[in-house]
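Here is a friendly walk through one protein model, with the sequence and the 3D view open beside you. Please keep both at hand as you read.

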Amino acid sequence: MKKLKIVSISSELDPFVKTGGLGDVARALPKSLHRLGHEVIVIIPLYTKVINIKKHNLKEIYPDVLINIDKKNSIKVSFWCGELMPGLPVYFVRCDKYFGKKKNIYVSSRENARFYLFSVAVLKLVSLLKFKADIIHCHDWFTGLIPYLKTTRFKDSQTLKNAATIFTIHNLTYQMGSNWWDVPVELRDKGKLALPDFKSASLAHINFAKRGIMYADAVNTVSETYAKEILKKNFGQDLHRILINRQHKLFGVVNGIDYYQYNPKTDKGLVKNYTVETIHRKIVNKRYLQKLYHLPILDRTPLICLTSRLVEQKGFDLVIEVLPILLSQDVQVIILGAGDKKYVQKLNKLAKAHADKLIVIPSHQEVLKRETLVYAGSDFFLLPSRFEPCGINQLISFRYGCVPIVRATGGLSDTVINFDPKTDKKTQGNGFNFQNYKTAELLVALTRALETYHHRQIWKDLIRRGMSASFSWDLPARKYLELYKKAKSFKQEQ
Ligand code: GLC
């Protein structure tokens with residue numbers, strides 16, 4: 001295959017800045033494409049309160065570049081450069097007025113303005129670099145205006161002329177800087193009119209994700225099941241109709257995880273490294289984890305972890321209902337993750353009442369610090385999401401021999417095969433799932449899981465199957481290359 005020139009654009013990028021799975025994908029996919037021999041550059045905003053310029057050895061390459069956001073408004077930015085790995089540059093758009101004021105990278109009252117400005121600056125940067133891209137890959141709503149701008153304001157750019165655009169939906173709930181459903185129906189963006197003035201209040205009504213879907217040469221989501229689910233009204237977040245109309249250019253590619261980064265054999269975050277051949281060593285991590293979080297050190301008590309943003313999507317309403325029943329049994333539960341206050345309060349209350357069984361740590365920092373140790377030390381990973389475009393944590397769980405219990409939706413449905421001792425799934429299952437978003441069904445799945453845990457041989461086989469399956473980026477990266485090819489051919493057909 002011809003070597004492609006690819007620009008990958010995102011709002012977050014591990015290890016510089018990450019709040020969720022998007023940061024993982026933005027890191028791992030370009031690295032895999034680079035390893036496959038393609039020329040990739042990555043562009044993100046420079047959040048100066050979060051990204052450590054010195055630590056990451058970032059260098060300013062273009063100071064004081066005037067960006068004409070629209071006919072009336074312009075702003076000065078600077079462009080910086082660092083490295084994701086040798087030979088894979090990351091460029092940063094620096095504009096402190098919009099990206100350097102807060103520690104929280106997202107909550108701003110002018111979110112649409114920030115990412116509009118970023119989008120124009122990105123296209124300007126690509127032109128300055130004279131990077132004659134074949135592919136411009138845009139991740140989630142933050143970058144949704146780029147395909148639109150490319151076909152309108154930047155349509156005559158010589159550098160961008162041959163580039164096909166891909167818009168990847170990581171989560172359709174998030175379409176713009178505010179909740180799409182809070183915009184009055186008559187003010188909702190139809191995606192066809194020119195953008196309002198940068199300073200005008202109506203910029204806040206522009207739906208970036210919708211424009212991304214409408215103007216990109218190809219669109220994809222991060223799992224095959226989610227790509228089908230979003231065509232239905234109850235998953236489509238008001239965009240199901242435009243998605244149905246563009247079904248021929250909508251695809252699903254299940255995410256992977258970086259197998260170099262996540263490797264229990266070499267991971268320095270563990271107290272004891274192990275492989276599928278030495279699973280018995282995993283117990284050392286479990287004991288350490290129990291000690292660290294002041295739980296009784298009990299080898300045979302199943303330890304369930306839940307590492308996730310504490311938001312409705314991830315199924316916390318079910319979790320909170322189920323916990324009192326679950327905790328009446330011989331189990332331990334560790335919940336790690338920042339999020340909505342209402343869940344934090346309820347979980348903290350439960351943790352107080354069950355101090356020897358339930359630990360709740362509502363800190364994003366702690367997740368980043370202990371992430372893999374938690375999987376290495378736990379027996380189960382729980383994620384009963386209401387919907388899940390892909391989910392990354394169940395893939396990390398597999399890698400660390402931690403068995404997932406999930407709701408069969410989106411990417412969870414594509415990656416977790418239900419273990420059922422009564423059918424031939426007995427030799428295929430790698431976890432436990434349930435179908436409907438109901439407390440009773442979650443409880444049944446948990447009961448099946450805990451029961452299986454006590455059949456040691458069956459249990460070990462289950463862990464082994466998860467650990468042996470490959471969820472590396474190797475295959476998804478190749479699927480993206482196929483998708484890029486399709487995007488190029490769709491572009492030519494226009
Ligand atoms: C979003 C989705 C999650 C997905 C991640 C990376 O965070 O909610 O399911 O795994 O993006 O694509």
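Let us begin with Pro-15, which is found in the loop between strand E1 (5-9) and helix H1 (21-35). Helices (H or I, at least four residues) and strands (E, at least two) are DSSP runs, numbered from the N terminus. The peptide bond between Asp-14 and Pro-15 is cis, with omega at about 5°.

Before going further, a word on what you are looking at: this is a predicted model, in which local features need pLDDT of at least 70 and side-chain atom pairs count only at pLDDT 80 or more, while totals for chains, interfaces and linings use all residues. Residues are numbered from 1 along each chain as its sequence is written, and side-chain values use heavy atoms, with hydrogens and water left out.

Strand E1 is mostly covered, as four of its five residues are buried. Here buried means under 20% relative accessible area, exposed means over 50%, and partly exposed is in between (1.4 Å probe, protein chains only). E1 pairs with E2 in the parallel sense over five bridges, and Lys-5 stands opposite Glu-39 in E2. Two strands are said to pair if DSSP finds at least two bridges between them.

E2 (residues 39-45) also runs parallel to E5, joined by four bridges.

Why is E5 largely enclosed by the rest of the structure? Six of the seven residues of E5 (residues 88-94) are buried, so the strand has the rest of the structure around it.

**Around the ligand**

Which residues are closest to the ligand? The shell holds 13 residues, and the closest are His-170, Asn-255, Glu-388, Cys-390 and Gly-391. A residue is counted here if one of its heavy atoms lies within 4 Å of the molecule.

| Residue | Protein atom | Distance to a ligand oxygen |
|---|---|---|
| His-170 | side-chain N or O | 2.6 Å |
| Asn-255 | side-chain N or O | 2.9 Å |
| Cys-390 | backbone N or O | 2.9 Å |

Taken alone, the ligand exposes 310 Å², and the protein buries 94% of that. These areas come from the Shrake-Rupley method with a 1.4 Å probe; for residues, only the protein chains shown count as cover. By residue type, the shell divides into six nonpolar, six polar and one charged. Ala, Val, Leu, Ile, Met, Phe, Trp, Tyr, Cys and Pro count as nonpolar, Asp, Glu, Lys and Arg as charged, and the others, Gly among them, as polar.

Where does the ligand lie relative to the domains? Domain 1 (5-256 + 474-493) and domain 2 (279-468) both give residues to the shell, so the ligand lies between them. The domain bounds come from an automatic or database domain assignment.

**Individual residues worth a click**

Two residues have a positive phi of about 50° although neither is a glycine: Asp-64 and Gln-237. Asp-64 lies in strand E3 (residues 59-68) and is exposed, with a relative accessible area of 57%. Gln-237 is found in the loop between helix H6 (224-229) and helix H7 (240-245), and counts as buried at 16% relative accessibility.

Thr-143 sits in the loop between strand E6 (135-139) and helix H4 (145-151). Is Thr-143 buried or exposed? Thr-143 is buried, with a relative accessible area of 0%, and its side chain reaches the backbone nitrogen of His-139 at 3.0 Å.

Asp-197, in the loop between strand E7 (164-169) and helix H5 (208-215), is partly exposed at 24% relative accessible area. Lys-349, in helix H10 (residues 341-353), is exposed, with a relative accessible area of 66%.

How values were computed: A polar contact is a pair of N or O atoms within 3.5 Å; within protein, one must be able to donate a hydrogen and the other to accept it, and residues adjacent in sequence count only if both atoms are side-chain atoms.
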